[in-house]
Amino acid sequence: MKSSEPLGHVALPGDAASVPQARRYVRGLLEPTDHPRTDDALLLVTELVSNAVRHSDSGRRPGGKITVIVVHRARSILVNVIDDGSAGSIPRVRRDVDADSGGGRGLWLVRELATAWGWHDSPAGRVVWFQMAEEAPEHPVLAASGGLSIGLRGR
């Protein structure tokens, strides 16, 4: 495998039915890589696609789309979730969340499990991404906006 290899991407409607579809799609892409943290990556895909449906214009407007892009790099994977963005909110980790909270844990889980993560706005929409190394991080990193993301130009 090359040092950085796109595994695939899928465009889905901005509705709740897309959450399990995205998870199944990414599972199919990651299983052949034998990445030891595939289950963690699938949990984070579920959280990010759920957030895109709930908190972005992708889930609020008819015809909204969510795109998931998966790239395999040497000893890590990179996942981008692109939605239609939201003028009224930005992705942020809530301060009042922990493992026992009843909600609002999506980005908290991303922060805790990913090697690095971040978000930025692009011509394709709002991109929230995470990197998942084979080894779990001791101290996850919030990288500079756009540092690792691979996006689609236009729609």
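**How helices α2 and α4 pack**

Author: In this predicted model, helix α2 (residues 38-55) and helix α4 (residues 106-113) have axes that come within 9 Å and cross at roughly 150 degrees.

Reader: What is the hand of the crossing of α2 and α4?

Author: The two helices cross in a left-handed way.

Reader: Which residues make the contact?

Author: From α2 come Asp40, Leu43, Leu44, Glu47, Leu48 and Asn51, while α4 supplies Gly106, Leu107, Leu109, Val110 and Leu113. Sorted by kind, the residues of this contact are seven nonpolar, two polar and two charged.

Reader: What makes Asn51 count as buried?

Author: Good one to check. Asn51 has a relative accessible area of 17%, and buried means under 20%, so Asn51 is buried.

Reader: Where does Asn51 lie, and what does Asn51 touch?

Author: Asn51 lies in helix α2. Leaving aside residues up to four places away in sequence, Asn51 touches Ser56, Gly106 and Leu107. Gly106 and Leu107 also belong to the α4 side of the helix contact.

Reader: Which residues of α4 are buried, and what covers them?

Author: Gly106, Leu107, Trp108, Leu109 and Val110 are buried in α4. Their cover includes α2, along with β4 (116-122) and β5 (125-133).

Definitions and conventions
Residues are numbered from 1 along each chain as its sequence is written. This is a predicted model: local features need pLDDT of at least 70, side-chain atom pairs count only at pLDDT 80 or more; totals for chains, interfaces and linings use all residues. Side-chain values use heavy atoms; hydrogens and water are left out. Axes are lines fitted to C-alpha atoms, for helices over the stretch in contact, and angles run from 0 to 180 degrees between N-to-C directions. Helices (H or I, at least four residues) and strands (E, at least two) are DSSP runs, numbered from the N terminus. A crossing is left-handed if the near helix is turned anticlockwise from the far one by less than a right angle, and right-handed if clockwise. Contact means heavy atoms within 4.5 Å. Ala, Val, Leu, Ile, Met, Phe, Trp, Tyr, Cys and Pro count as nonpolar, Asp, Glu, Lys and Arg as charged, and the others, Gly among them, as polar. Buried means under 20% relative accessible area, exposed over 50%, partly exposed in between (1.4 Å probe, protein chains only).
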